[in-house]
Amino acid sequence: MKVLIIDDEEDYRNVASMCLGMLGGMDVVEAASGQEGLQKAERENPDVILLDLYMPEMNGIDTFSNLRKNPCTSEIPVIFVTTKGMFPEFDQLKGQGALAVLTKPFDPVNFSAQISDILKSGSQNTN
Amino acid sequence: MRPRLKLVHKGIILVTVPLVLNLAFLAILSWLLNQSEIEVKRQVRSKEIIAQANSLSKLFYDAGVAMGGYSITKSPLFADRYDKIVREIPESLEQLKGMVGDNKHQQDILHNLAQITERGLQLLGEAKAAIDENQVDVAQYQARHMYKEIRGLADQLQQELKGLTDEEKKVQDESPESKSRWQRGVKVFIIVGVGVNVLLAFIGFFFFIAGISRGLNVLTDNADRLARGDKLNLPIAGGDEVAVVDNAFHTMAEALAEASRKERAVIENAADVICSVDADGKFVAVSPASEATFGYKPDELMGRRFIELIIPEDVNGTIKAVRAIRSQRGTMPFENRVKRKDSTSVNILWSAFWSESERSLFCVAHDITERKLAEEAIKASERRIRTVIENMMVALVIITRDGRIESVNPQAERIFGYRSDEMVGRHVVMLFQESKKFSDSDEGADHEKFMENLFTISLYKIGEFDCMKRTGEDFPVELSLTEFQGPEGTRFMANILDVSERREVERLKKEFVATVSHELRTPLTSIRGSLTLLNVGALGALPEKAKQVVAMAERNTLRLITLINDILDIEKLESGKLDMVFDTVPIRNVIERSMEAVKSFAEQNGIRLEAGGAESMVHADGDRLVQVIVNLVSNAVKFSPKGETVRIAVEESPNWIEVKVIDRGRGIPAKYKNLLFQRFQQVEASDSRKKGGTGLGLAICKGIIEQHGGSIGVDSEEGHGSTFWFRIPPVNAGSRVLETNLEQKTA
């Protein structure tokens, strides 16, 4: 499984990468901004995108809409990732291919399993 | 019993008795008069009889003479004369007859006379005849014969006549005597009669008048006695008008006495003091109520000046008031304070009336101390209320059912920026941002709809609205309406609280929490990830010691993460925004997941887990329920001794699904049971260090269950374990769980 992590924090990207890669056996691609994420999504065609909400310049929601606009990336399922307790806008975005919202910190051991489950069942609650 | 005679009767008697006597007297007098008349007539008659008798006798004599003459002379003169006389004699006899009347004796005499006369006349007739026929001898013979007879007859006649006249003469002789006797008798009679009459009249009059005047005296005396207040004389007996008046007088006196008694009773029993004060200001009469009101018995006040009782400060006012009453002759109430016998003072309301005729001031003193106190209390209370209303932080707007503003308090003026006169009379919608949307055309309907909405949301509840200041600026409020009855009808009081600050604070807090959580969670993500990677050996095997240390770091990291999650959850709960996603979930599923999550933790602590079966479906956020059950079971495991069992039981009933977590731990003392579900509560402070936990868990569980429309609690006895339970509505039979209505406040 190829995962694209779009998050402006380097530490997070590192740790998440390592957890998903080493513990989850996933193939991880990183993008440090929304803009970069769009490009990498188109180029790498991942199975799922982990999208951070709060990023400078292009935030998660905008990145999501742009992904949807681009026919190359519009079908890729997106899981939002955030520290925030609440993400009310998620309900609107659910229909458009946003599968779930996961909170940070994640459970390193189960992270990949969670992602697989989400992909399988199509939607799930916050953790 | 004396006859009941009216005055009329008495008057009649008074008049008729003398009258009758007079009449009798008159009758007798007239009889006497009659008698004397008869007497006189008799006298006259007897004189006439005598005269007549004499006349007859003369006639007879003359007849004899005439005859003699004729017989001698044979002159026709004598014959004529004789004829004449002969004719006259019967006439005279008749007359005499008539005069004699009923007297029997005299009638007899007359009869004799008639006979004699007849014989005589006969004889004389014979003689005359003889003479006429010139039978002188015969005549002479007869004459001598006749003469003897005639002489005899004449003597008889004379005899008889004498008899007649003697009788009459007797009468005549009697009469002066009897007459004078009569006269004397009559005189005496008259004198006596008149005297008696007058006497009787006087006596009658005297009694009559005396009777009346006695009666009148009694009446007059009674009137005096009544005025003095003495007992009346005995009632006058009798049925006449005076007695009737006397009776009426007695009745009136009774009625007066009764009225007086009633008046006395009123005065003596009245709670107010009724008194009168003379022209010098001294008490002349005081009712018994003075003891209760002033502390003085009535006799203690008699003769004292009434001004002495008044408190010095009020004396001038009292004097002025009394002067005014005296000059204007009306009653005008005035108030003052009176010093009682025990030196306490009472507030008195005086009603006084000045009577010029009695030269007294009649007063009623009413104790208004309590009323004054009540008035003071009311005034004080009003002042307090006004102070409250004017200073309170909540704006008050009073409106009618249609929404007309009747009054506002100063805080309302402040928060809306209007003066009260700019708001009163206008429709309350002017204060709401809604009004911006209204059209001018259908104001009535708009207003009606607005009011309906207002009542629905905020009548006896707290509703949230956007209000508008005078400047047009919007600001959020919390508003609640209550209904009350004003003097003019049903009114509504709107309590309006400007919550803009609070909202701002909340917003800031949310932002802060969000920011902090973000800032805390971000590094923790990396830390946790790193530590876990280390711990599981993904970055290479670690020495044993290092493993332990990393494990410890990981544990503590987890603790931090849990703490932050709990804090955030609590914040969300308290702002009503705990995110939950409801679905129809089988309770069995929830239980299984919970068991799974807690399994290793229980194993580590040597506790066995048991769970009962369950078939029901619930309308719930499954993950959150798992969170609750995990919390409860973790607690149960923490506080159970090693080797014990923690059981999860499910009870299904039509109204509730109840989940119970039963442990055999040390139990919870009664005094803590109510505190458990509050924030940061733990039964023993040392617990937090030994067993771990922030004390937020149960509070969060409570919040979650209550968001499900359920309830949570604990049954426990110290030393005998605990049963933590929660109930949520099942998904059938119209159970509706409170959706997380993000705009509604939780309790």
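**Exercise 1. State what share of the residues of chain B count as buried, and describe the make-up of the chain**.

Solution. Of the 747 residues of chain B, 26% count as buried, a value that refers to a predicted model. The next step is the secondary structure, which in chain B amounts to 19 helices and 17 strands. Turning to contacts within chain B between residues at least 6 apart in sequence, one finds that 56% of them join residues at least 24 apart.

**Exercise 2. Work out which elements build the largest nonpolar core and which residues touch the most other members**.

Solution. Begin with the members: the core holds 41 residues, and those that touch the most other members are B:Val628, B:Ile629, B:Leu632, B:Val633 and B:Cys701. Next, list the elements of chain B that give two or more residues to this core, among them the helices α15 (587–604), α16 (622–638) and α19 (697–707) and the strands β14 (645–652) and β15 (657–663). The largest share, 8 residues, is contributed by α16(B). As a closer look at one member, take B:Val633, which, when neighbours within four places in sequence are left aside, is in contact with B:Ser594, B:Val598, B:Val646, B:Ile648 and B:Val661. Finally, a second, separate core of 32 residues includes A:Val3, A:Val81, A:Ala100 and A:Phe106.

**Exercise 3. Describe the open sheet of 5 strands in chain B, and explain why one side of β2 and of β3 is left without a neighbour**.

Solution. From one strand to the next, the twist averages 35 degrees. To follow one pairing in detail, note that β1 (residues 273–278) of chain B is joined to β2(B) by 3 bridges, the two strands running antiparallel. Within this pairing, B:Cys275 has B:Val286 of β2(B) as its bridge partner.

**Exercise 4. Determine how many residues each chain gives to the contact between chains A and B, and characterise the side that belongs to chain B**.

Solution. Count by chain to begin with: chain B gives 22 residues to the contact, and chain A gives 20 residues. On the side of chain B that touches chain A, α13 (500–535) and α14 (544–574) each supply at least two residues, and the largest share, 13 residues, comes from α13(B).

Terms used
Residues numbered from 1 in each chain as written. Chains lettered and ligands numbered in written order. Predicted model: local features only at pLDDT ≥ 70, side-chain atom pairs only at ≥ 80, totals over all residues. Core = buried A, V, L, I, M, F, W, Y, C linked by C-beta atoms within 7 Å. Buried ≥ 20, exposed ≤ 12 C-beta atoms within 10 Å, placed from the backbone. Helix = DSSP H or I, 4+ residues; strand = E, 2+ residues; numbered from the N terminus. Contact = placed C-beta atoms within 7 Å. Nonpolar A, V, L, I, M, F, W, Y, C, P; charged D, E, K, R; others polar. Pairing = 2+ DSSP bridges. Axes fitted to C-alpha atoms, helices over the stretch in contact; angles between N-to-C directions.
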